[in-house]
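Subject: Two-chain model, handover and notes

Hello,

Here is the model for your files, followed by notes on what was found in it. Please read the notes with the structure open.

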Amino acid sequence: MQQLLEGEKELIIEKVGEILGKHGSDRENLIPILQEVQDSLGYLPGLSMEIIAEAMDIPSVDVFGLTTFYNQFRLNPPGKHQIKICMGTACYMVGGRIALESFERHLKIGEGETTSDRKYSLETVACVGCCAIAPVVVVNEDIEGKVTPTRVDGLMLAFEADEQEEEQKEAEENEEKGD
Amino acid sequence: MGQASTELYEKIKAAATEKITALKQKPVVLVGMATCGKAAGAEKVREAFKKEIESHGLEAQVIDVGCMGHCYAEPLAIIAKPGHTPLCYGYVDEELAKRLVIDFLVNDDPCYEFAMVALETNDVFPTFSDFPRGVYEQKMILEHCGFIDPEDIDHYIDKDGYAALAKILTLEPEEVLEEVKSANLRGRGGAGFPAGTKWEACRKQKEPVKYVICNGDEGDPGAFMDRSILESNPHQVIEGLIISAYAIGATEGYFYIRAEYPQAIRTIRTALEQAREKGFLGKSILGSDFDFEIKVFQGSGAFVCGEGSALVSSMEGKMGIPRPRPPRLTTSGFRGKPTVVNNVKTFCYVPLIMKNGADWFKSTGTPGSPGTAVFTLVGKITNSGLVEVPMGTTLRQLIYDVGEGIPDEKEFKAVQIGGPSGGCLPESALDVPIDFDSLEEAGAMMGSGGLVVLNEDDCMVGIARYFLEFVQKESCGKCTFCRLGTKHMLEILNDITQGKEKDLASLDLLRELAEDIKAGSLCNLGKTAPNPVLTTLRYFWDEYIVHITEGRCPALMCKDLIVYYIAPELCSKLCNVCVGSCPTEAIYTREDGLKAIDQEKCVKCDNCLKTCPPQYNAVIKLSPPEMLKEKEGGSAK
Ligand SMILES: Cc1cc2nc3c(=O)[nH]c(=O)nc-3n(C[C@H](O)[C@H](O)[C@H](O)COP(=O)(O)O)c2cc1C
Ligand code: FES
């Protein structure tokens with residue numbers, strides 16, 4: 001499990017508390033609660049599941065079991081750039097695997113992992129309903145069609161350029177503050 | 001008492017029609033904004049239309065619509081200008097949007113050169129029925145998809161939406177039930193179970209609290225019919241759900257929609273709210289004494305949850321694990337109460353049947369499978385998208401006439417139908433009519449409507465392996481055969497596609513395992529999981545043999561059985577594209593200026609093959625890999 005960042009623990013306690021407050025502690029609300037926590041925090045930290053289990057008075061293994069059973073739940077923090085590669089039939093047959101491998105090579109992480117700087121995460125999904133432009137990659141919320149390895153190179157370059165620009169901005173801001 | 005509902009409806013309808021008629025007095029631009037449209041860039045196109053319209057100070061409306069099924073030509077836009085035939089334009093980009101505003105809306109030139117099809121019969125431009133696709137296609141439940149605003153209930157009402165609801169409120173629930181039974185409406189979620197029979201079983205239960213659930217889990221990893229319908233015409237599904245609740249005597253309804261479909265979830269939520277405002281939902285619907293509420297439950301990404309009992313169990317906050325029958329869900333389902341689960345499409349037919357009658361419905365399709373079938377046509381096919389044809393249409397008509405065949409002058413090899421529960425059918429099976437029973441005889445399954453066309457570049461062992469890997473991951477693990485049997489089969493298929501399996505006896509073992517899994521699994525996930533393997537063994541036996549005995553993948557797809565090679569006789573010394581495209585620097589320039597691949601470094605990413613200019617096409621794949629020695633031996637001379 002990933003290390004929590006500074007201040008993350010407090011944030012988890014606050015957000016999970018809010019969401020629990022909105023729903024009753026009825027077992028039927030468990031999945032909607034987990035979904036909302038994930039929407040809010042980006043993933044389900046172990047701590048959040050423990051808090052939920054206690055509030056709902058169910059064994060925490062039940063909550064853990066549920067989150068591993070359902071593919072939607074993410075136990076690792078997502079990257080700033082969430083990359084999802086479609087592995088639906090249409091995409092798989094025209095190079096979905098090749099696109100996945102290209103990203104793996106670039107990022108040096110595997111499917112389901114996040115880079116240690118939490119900038120990128122890689123996931124696979126099954127059919128996002130855009131088979132007509134397969135292979136499809138979903139970057140954050142945007143859908144990219146016909147993703148060849150060269151397109152992967154292009155996407156990565158664009159990300160890196162964005163990152164650099166941001167870093168530069170930050171550096172400039174810090175400098176200003178320093179003045 | 002019942003008549004009140006029709007009168008109330010007539011008022012609502014008149015208001016909606018007035019609004020839509022007023023809308024049509026001005027030019028209207030409809031942009032396809034379902035997930036598929038957005039993916040192709042429809043948002044930018046819409047903005048371009050809006051900006052250009054504004055800059056010319058025009059009084060024209062831009063409206064988001066859903067998917068009209070011609071996904072291959074997205075982004076799509078329809079322009080309806082008073083005095084002109086409404087025209088549909090395909091492959092619209094920002095430039096074309098601007099041009100259409102200036103040429104068509106400002107001036108009066110409809111730009112026929114960019115138009116794809118006209119939506120009304122006219123003397124100038126062809127309509128859908130003038131194309132082969134239009135001849136075979138018959139739209140029942142997709143009729144309005146892509147032509148109405150899914151976010152505005154008045155568009156649906158203007159098309160007689162909710163008229164069926166108003167009508168059935170004047171009937172007894174039993175009469176509604178009889179009509180659906182007489183229509184022989186079979187469930188469109190895969191198994192084809194008669195909906196009326198299911199409803200009746202539920203209605204008969206003494207328990208007063210009953211539930212009806214719309215299954216929008218759509219787990220087949222290559223299909224998107226349900227998503228498209230939910231996004232494009234949500235009220236049709238809602239109306240069907242309300243009518244079914246009336247017939248069954250249900251008190252509460254649910255939409256179970258998979259998490260991967262955020263837009264469908266949003267659209268349904270908005271639609272439910274609007275239906276409530278109009279009085280189609282909630283307490284005393286349309287002034288009757290019928291109360292009914294619908295809620296939305298968001299699935300969380302487990303294929304097995306599409307199975308009725310697993311779906312119910314996941315709604316109860318538990319793991320989605322199927323349970324044995326009896327008791328059936330109609331006896332004991334959600335919260336232990338009688339429950340009906342039907343597919344999205346099944347509900348869509350209900351308002352149409354109630355409006356037009358069972359005989360109307362039965363006049364389309366075959367006696368055993370009346371009505372239409374909705375498919376997503378994808379893969380190696382010219383016109384990919386969403387299609388609706390009468391049951392009984394053959395696969396050949398669907399692929400060659402509706403889909404316009406295989407692109408790039410490639411050979412058809414197989415069609416995968418029914419997803420992980422279905423099978424791969426070869427050329428010789430293309431004259432099988434599409435209906436529940438014929439497809440099952442051929443070893444495949446109707447499934448929920450995913451249809452993937454495969455050509456000569458697709459390896460049949462590879463696709464069997466793909467589906468098995470999918471079900472293996474998605475097996476809930478409850479049944480030993482499903483859990484371990486699929487794992488064992490997957491190992492064998494992995495070995496075959498990696499060239500590690502040299503013994504033909506492994507194919508017998510595959511068959512035996514398949515039979516055991518079919519016999520020993522509780523739910524249809526396990527029972528049908530071996531289908532993709534069994535059909536490929538049955539129809540593409542030779543491909544398995546060649547993999548095992550020669551270590552060769554005839555489709556050049558199995559990564560471990562191919563190598564990339566640059567043919568010296570085709571390579572141009574002057575071009576360097578492949579060298580630059582290689583992510584691992586595996587391509588180098590030989591002393592004589594030709595390019596070559598260092599096999600140790602090559603990761604088989606396909607980059608060089610894709611980037612080598614078409615006038616050379618010098619990068620080729622060889623299988624088995626040993627062929628390389630021959631080639632290199634030859635060229636060294
Ligand atoms: C593993 C598995 C997955 C299924 N997935 C779906 C699905 O995604 N959508 C669906 O409507 N039915 C699915 N079904 C079928 C349902 O169990 C059920 O038969 C169907 O929802 C009933 O509706 P219908 O009679 O209208 O088809 C699935 C069945 C199995 C065994
Ligand atoms: S298979 Fe990838 S979008 Fe459908």
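**Contact between the chains**

A salt bridge links K559(B) and E101(A), with 2.8 Å between the closest N and O atoms; the term stands for a side-chain nitrogen of Lys or Arg within 4 Å of a carboxyl oxygen of Asp or Glu. The model is predicted, with local features needing pLDDT of at least 70 and side-chain atom pairs counting only at pLDDT 80 or more, while totals for chains, interfaces and linings use all residues. Residues are numbered from 1 along each chain as its sequence is written, chains are lettered from A and ligands numbered from 1 in the order in which they are written, and side-chain values use heavy atoms, with hydrogens and water left out.

Across the interface of chain B and chain A, the rule finds two salt bridges. The count of residue pairs in polar contact between these chains is 16, both residues being at pLDDT 80 or more. A polar contact is a pair of N or O atoms within 3.5 Å; within protein, one must be able to donate a hydrogen and the other to accept it, and residues adjacent in sequence count only if both atoms are side-chain atoms.

On the side of chain B that touches chain A, the elements giving two or more residues are α2 (35–39), β8 (293–298), α13 (308–315), β14 (450–455), α18 (460–474) and α25 (607–611). The largest share of that side, eight residues, comes from α18(B). Helices (H or I, at least four residues) and strands (E, at least two) are DSSP runs, numbered from the N terminus.

In total, 57 residues from chain B and 37 residues from chain A take part in the contact, where contact means heavy atoms within 4.5 Å. Between chain B and chain A about 3,600 Å² is buried, and carbon and sulfur atoms give 60% of that area. Buried area is the accessible area (1.4 Å probe) that two parts lose on being put together, summed over both.

**Domains of chain B**

The assignment for chain B gives domain 1 (25–123), domain 2 (155–361), domain 3 (372–458), domain 4 (461–550) and domain 5 (562–633); the bounds come from an automatic or database domain assignment. The C-alpha centres of domain 2 and domain 4 of chain B are 35 Å apart. Eleven residues of domain 2 of chain B touch nine residues of domain 4 of chain B, by the contact rule. These two domains of chain B bury about 850 Å² between them, with 79% of it on carbon and sulfur atoms. In domain 2 of chain B, the residues that lose the most area to domain 4 of chain B are P221(B), F303(B) and P322(B), together 52% of what that side buries. Zero salt bridges are found across this interface of domain 2 and domain 4 of chain B, and two residue pairs are in polar contact there, both at pLDDT 80 or more.

**Chain A**

Chain A has seven helices and four strands, in the order α-α-α-α-β-α-α-β-β-β-α along the sequence. Its division is into domain 1 (8–69) and domain 2 (81–178), and 28 Å separate the C-alpha centres of these two domains of chain A. The C-alpha trace of chain A spans about 55 × 50 × 25 Å along its principal axes. Of the 179 residues in chain A, 50% are buried; buried means under 20% relative accessible area, exposed over 50%, partly exposed in between (1.4 Å probe, protein chains only).

**Backbone and cysteines**

Most residues other than glycine have a negative phi, and most peptide bonds are trans. The bond joining A134(A) and P135(A) is cis, with omega about -5°, and P135(A) is in the loop between β2 (120–125) and β3 (137–139) of chain A. Another cis peptide bond runs from R325(B) to P326(B), with omega near -10°.

C111(B) has a positive phi, near 50°, and is buried at a relative accessible area of 0%. D160(B) also has a positive phi, about 75°, but is partly exposed at 34%.

Over all chains the structure holds zero disulfides, a disulfide being a pair of cysteine sulfur atoms within 2.5 Å. For C202(B), the nearest cysteine sulfur is that of C214(B), 15 Å away. The sulfur of C578(B) is 6.1 Å from the closest cysteine sulfur, in C575(B), so the two are too far apart for a bond.

Regards
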